[in-house]
Amino acid sequence: KQASLPRFLQELDLRSKEPPPTKTPKVQLLTVHSSKGKEFPHVFVVGLAEGSFPSYQATLEGDASPQMEEERRSCYVSITRTLSDLTLVYHKRLNGYSKQPSRFLVEMGLIQS
């Protein structure tokens, strides 16, 4: 059966934008922003080092800046996506440069500064 062009476009618009579920286990790599509203049994948040998360730009603006507050909110979003297991990772070196752990890890009381 053929549908008219307006009907076809309407059907496309009403379809879910999410891919159909699969039974094959998979790993999803998401940005913090794209993870909003979703939850997962296991969450890994990587890059929790100063200059990465929070970003270099936010560190330049200062601890009380709107940019740093947005980074804090993003960190909160990322850690609250987990249903069961949360793994937080920071790197000591990146591209040959030494890195310090993220201030967010200190603020959460997970490490000492």
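Author: Let us begin with helices: a helix here is a DSSP run of type H or I with at least four residues, and helices are numbered from the N terminus. E70 and R73 are three residues apart in helix α3 (residues 66–79), and therefore about one helical turn separates them. Please note that this is a predicted model.

Reader: Why are E70 and R73 called partly exposed?

Author: The term covers values between the buried limit of 20% and the exposed limit of 50% relative accessible area. E70 has 31% and R73 has 46%, so both are partly exposed.

Reader: How many salt bridges are there by this rule, and which residues are linked in a network?

Author: The count comes to six salt bridges. A network of them links E50, D63, E69, R72, R103 and E107. Within the structure, E50 forms a salt bridge with R103, the closest N and O atoms being 2.6 Å apart. E50 lies in the loop between β1 and α2 and R103 in helix α4, so this pair ties together parts that are 53 residues apart in sequence. D63 forms a salt bridge with R72, with the closest N and O atoms 2.7 Å apart.

Reader: How do you know whether E50, R72 and D63 are buried or partly exposed?

Author: The limit for buried is under 20% relative accessible area. E50 has 19% and R72 has 18%, so both are buried. D63, at 42%, is partly exposed.

Reader: Why is the pairing of F53 and F104 called edge-to-face?

Author: The structure holds one aromatic pair. The rings of F53 and F104 lie 6.0 Å apart, centre to centre, with 90° between their planes. The C-alpha atoms of F104 and F53 are separated by 8.3 Å.

Reader: What makes F53 and F104 buried?

Author: F53 has a relative accessible area of 9% and F104 has 3%. Both values are under 20%, so both residues count as buried. Not counting residues up to four places away in sequence, F104 touches F53, P54, M68, E71, R72 and C75.

Reader: Where is S102, and is S102 buried or exposed?

Author: S102 lies in the loop between β4 (97–98) and α4. Its relative accessible area is 0%, under the limit of 20%, so S102 is buried. Leaving aside neighbours within four places in sequence, S102 is in contact with L48, A49, E50, F53 and P54.

Reader: Why is L5 called exposed, and which residues form a nonpolar patch on the surface?

Author: L5 has a relative accessible area of 56%; exposed means over 50%, so the word applies. L5 lies in helix α1 (residues 5–14). L5, F8, L9 and L12 form the nonpolar patch, with about 380 Å² of accessible area together.

Reader: How do you know that the chain is more spread out than a compact globule?

Author: The chain has four helices and four strands, in the pattern α-β-α-α-β-β-β-α along the sequence. The radius of gyration of the chain is 20 Å, whereas the globule rule gives 13 Å for 113 residues; the value is well over that figure, so the chain is more spread out than a compact globule. Along its principal axes, the C-alpha trace spans about 65 × 35 × 25 Å. Of the 113 residues, 21% count as buried.

How values were computed
Residues numbered from 1 in each chain as written. Predicted model: local features only at pLDDT ≥ 70, side-chain atom pairs only at ≥ 80, totals over all residues. Heavy atoms only, no water. Phe/Tyr/Trp six-rings, centres within 6.5 Å; stacked < 30°, edge-to-face > 60°. Buried < 20%, exposed > 50% of the residue type's maximum accessible area, 1.4 Å probe, protein only. Patch = residues over 30% accessible without salt bridge, like charges linked within 9 Å, V, L, I, M, F, W, Y side chains within 5 Å. Areas by Shrake-Rupley, 256 points an atom, 1.4 Å probe, with all protein chains shown as cover. Salt bridge = Lys/Arg side-chain N within 4 Å of Asp/Glu carboxyl O. Helix = DSSP H or I, 4+ residues; strand = E, 2+ residues; numbered from the N terminus. Rg over C-alpha atoms; globule rule 2.2 N^0.38 Å. Contact = heavy atoms within 4.5 Å.
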